[in-house]
Amino acid sequence: MAAPVMEQEGVSEALNRVWGFNELRPLQSEVVSASLKNRDAVVVMPTGGGKSLCFQLPAIVTNTLTVVISPLIALMKDQVDSLSVVGVPAAALNSSLSAEEEASIVAKLRAGDLRLLYVSPERLLLPATLNLLKQGRGVARFAIDEAHCISAWGHDFRPEFRLLHRIKEAFPGVPVQAFTATATPKVQRDIAIQLGLERPLKFVGIFDRPNLTYRIVSKDDTVGRIAEAVGRYPDEGVIVYCLARKDTESIANALVARGISAVAYHAGLPNDVRRKVSENFAQEKVNVIVATVAFGMGIDRGNVRCVIHECIPKSMEGYQQETGRAGRDGQPSECVLLYSHGDVLRLKRLLAGGDPHHLTLLEEVRRFATSHECRHKALSEHFGQEYPVSEGGCGACDVCTGGMKRLGNSQAVATRILETAIALSEGEKSFGVGVLAGVLLGSRVKMILERGADRAPGFGAFASEEKERVSSWIHQMVDLGLLQVSSGDYPVLSVTEAGREVLETGAEVSLIENVALVRSVKATGTELDAVSEELYVKFRTWRRATSAEKGVPAYVIFHDATLMRVASIRPSTPENLRAISGVGDKQAAEYGSSLLRMIREFAEETGAGLDTGATPVIQSTKALPKNGSYADHFEAPASIEDICRIASVKPTTVWGHLATWVATTKPKSIEPWLDAETIARVKAALAAVGGTQLKPVFEYLSETVPYDKIRVVRAFLETES
Ligand SMILES: [Zn+2]
């Protein structure tokens with residue numbers, strides 16, 4: 001066994017040579033180190049945390065074989081593809097292989113030429129496979145992916161995973177590490193017990209995904225809501241999840257009718273069609289997929305910008321996993337859940353008679369979706385982690401950003417709706433949401449006049465309101481259980497016991513205003529200037545073509561974030577290109593000349609400078625006092641970006657220090673950090689809104705100016721007065 005220092009050097013060297021990264025994230029580093037020490041482990045690493053590196057690196061560093069057990073052929077194929085792009089010998093043993101392909105893998109295994117072997121649980125436990133793995137140099141370690149499937153307490157139990165306890169019997173002393181993206185503490189313990197792990201180390205990553213904005217909207221116009229969300233992300237990856245196969249097709253068709261090229265995906269489609277859809281999505285030929293949850297496992301497209309749930313998911317774990325497919329590259333992305341109480345009832349009927357545990361899991365999601373608590377906080381706490389919400393909120397969920405606002409006169413509105421519904425139900429004819437809304441709006445359409453409903457009390461009570469708004473209130477009251485809708489082709493509305501109680505006791509009702517949504521603006525990712533953006537768009541076109549030509553997913557060629565860095569730095573030489581984070585040896589050798597040629601042509605056409613992105617940064621860094629205080633940096637004045645780099649802190653930390661510095665030193669201007677227009681807009685908003693709260697100012701500015709900047713402007717204005 002190599003000494004720890006040697007190991008560390010080996011890890012850094014392999015990481016840089018193969019992937020072009022300079023360092024691992026702290027959790028990855030701990031997991032890799034445990035693996036190199038041959039320890040059993042349970043690793044819970046949320047999507048986007050870089051889970052696969054944790055079991056790939058030890059195999060490369062030690063030149064041994066790691067067997068990865070995975071439930072999905074598509075996922076194995078993707079990982080093997082990614083590894084071969086970066087030059088690591090890997091293979092997958094599964095039923096899709098021809099006899100020759102299989103023989104070639106067996107030969108490589110016997111010769112000790114493979115670093116990673118992917119295999120399904122069933123395949124692994126065949127006597128022939130077990131024997132094969134005991135030959136030659138044998139297996140150095142096992143990694144079990146999607147390990148939550150072993151626990152009946154999880155959301156995705158698979159009986160074949162239960163048999164994996166046999167690994168420890170067949171390979172005593174060989175370390176086993178279990179990986180999953182979602183597991184509550186209870187499921188984590190169960191995984192260790194079921195697998196018979198010995199003194200397992202436990203690593204749990206941070207569940208919160210700060211680059212995701214969560215929104216829950218009422219499902220009053222399904223296709224309209226989906227189209228609205230998709231429209232915020234033109235030409236970018238969007239996944240719409242539906243509960244039923246038939247919904248995927250009808251919604252995809254409805255989106256196409258609205259001019260959005262959406263494609264349906266579900267397990268009932270022929271294999272080759274499904275393969276083609278996945279491939280086109282990975283190669284960015286198709287951007288909008290309407291799918292059942294069968295889609296996405298193993299789809300590793302990192303630049304999915306929006307995940308929409310057309311129906312409430314069956315568990316929080318499922319929700320975390322599915323929304324986790326958005327923004328894996330760390331760029332701002334959005335998750336929209338369309339909620340309706342009707343869907344909850346529909347699911348309950350489907351689950352009735354089965355394992356009662358599933359109803360508990362559903363109830364947890366229902367509570368999450370109907371609560372008015374910060375979504376980031378609720379999700380983190382579900383997985384047993386604290387999430388302190390700062391003043392002004394998380395800035396990335398509907399609750400905190402005012403996407404959900406309590407309707408001021410909720411009580412009066414609810415009372416009026418209930419009274420009208422009772423009056424209507426006392427008449428002879430049954431009625432639905434449409435009639436109730438029409439009566440409240442004072443509509444004189446035939447359907448209402450026929451029933452004499454224009455004489456009902458409450459007729460025209462909301463005559464000055466918009467129809468959508470009134471319908472949304474009625475739907476919310478159904479969601480709150482104050483009204484109920486019967487099933488069948490002509491759903492009939494009625495007032496529930498709880499609804500009557502509100503009228504009798506005046507119990508509090510909160511209705512929500514849906515505020516116009518804007519594209520997720522939380523600034524956590526790379527921001528490109530216009531010139532770099534233009535080059536980046538060219539890179540993406542090139543990547544799409546290359547990905548189709550090579551038959552590999554676009555992200556395995558280069559991640560978005562890497563291409564963004566290349567576009568803004570615009571290296572002129574292979575060395576400068578190779579120095580950029582995310583560009584490994586093999587990628588540089590294979591695609592470097594194409595990128596450099598595009599950069600050169602672009603520079604000639606547009607006059608854009610080369611090696612520019614990097615140069616000013618280095619110069620201004622040098623001009624700053626080393627290890628200087630924030631005050632020194634602000635006086636320089638250094639840009640927020642530079643200070644982040646020097647001090648290795650997040651932008652929000654620097655903005656916080658800037659606000660304090662502005663308040664105490666009273667500088668003449670804050671224009672080194674904020675443009676005059678932003679300052680003027682915030683100034684106007686502060687004057688218009690008044691008070692000391694930042695949230696109303698943020699909302700007044702339609703969420704276009706982050707809290708950090710508002711704080712600095714406020715501090716500056718206070719020094720002026
Ligand atoms: Zn929040």
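Predicted model: local features only at pLDDT ≥ 70, side-chain atom pairs only at ≥ 80, totals over all residues.
Reader: What makes D272 exposed?

Author: Count the C-beta atoms around D272: there are 8 others within 10 Å. A residue is exposed if that count is 12 or fewer, so D272 is exposed. You'll find D272 in helix α13 (residues 271-282). D272 and A530 are 258 residues apart in sequence and 40 Å apart in space, C-alpha to C-alpha.

Reader: Why is S702 called exposed?

Author: S702 has 12 other C-beta atoms within 10 Å, and the cut-off for exposed is 12 or fewer, so S702 counts as exposed. S702 sits in the loop between α33 (695-700) and α34. Its phi is near 50 degrees, a positive value in a residue other than glycine.

Reader: Why does N38 count as partly exposed?

Author: N38 has 13 C-beta neighbours inside 10 Å. Exposed takes 12 or fewer and buried takes 20 or more, with partly exposed in between, so N38 lands in the partly exposed class. N38 belongs to the loop between α2 (26-36) and β1, and it has a positive phi of about 60 degrees although it is not a glycine.

Reader: And what makes T222 partly exposed?

Author: Here the count is 17 other C-beta atoms within 10 Å, so T222 is partly exposed. T222 is in helix α11 (residues 222-231). Not counting residues up to four places away in sequence, T222 touches E310 and L338. As for R346, T222 and R346 are 124 residues apart in sequence and 16 Å apart in space, C-alpha to C-alpha.

Reader: Which residues of helix α10 are buried, and what do they pack against?

Author: In α10 (residues 185-195), the buried residues are V187, Q188, D190, I191, A192 and L195. They pack against β1 (41-44), α9 (166-170), β6 (176-180) and β7 (201-204). After α10 comes G196, with a positive phi near 65 degrees.

Reader: Which residues meet where α32 packs on α34?

Author: From α32 come T678, I679, V682, K683 and L686, and they meet K709, I710, V713, R714 and L717 in α34. The residues of this contact split into six nonpolar, one polar and three charged.

Reader: Where are the domains?

Author: The domain assignment gives domain 1 (2-204), domain 2 (212-395), domain 3 (410-514), domain 4 (525-617) and domain 5 (625-720). Domain 1 and domain 5 have their C-alpha centres 46 Å apart.

Reader: What does I289 touch?

Author: Leaving aside neighbours within four places in sequence, I289 is in contact with I239, V240, V263, Y265, V277, F281 and F295.

Technical notes:
Residues numbered from 1 in each chain as written. Domains from an automatic or database assignment. Contact = placed C-beta atoms within 7 Å. Helix = DSSP H or I, 4+ residues; strand = E, 2+ residues; numbered from the N terminus. Nonpolar A, V, L, I, M, F, W, Y, C, P; charged D, E, K, R; others polar.
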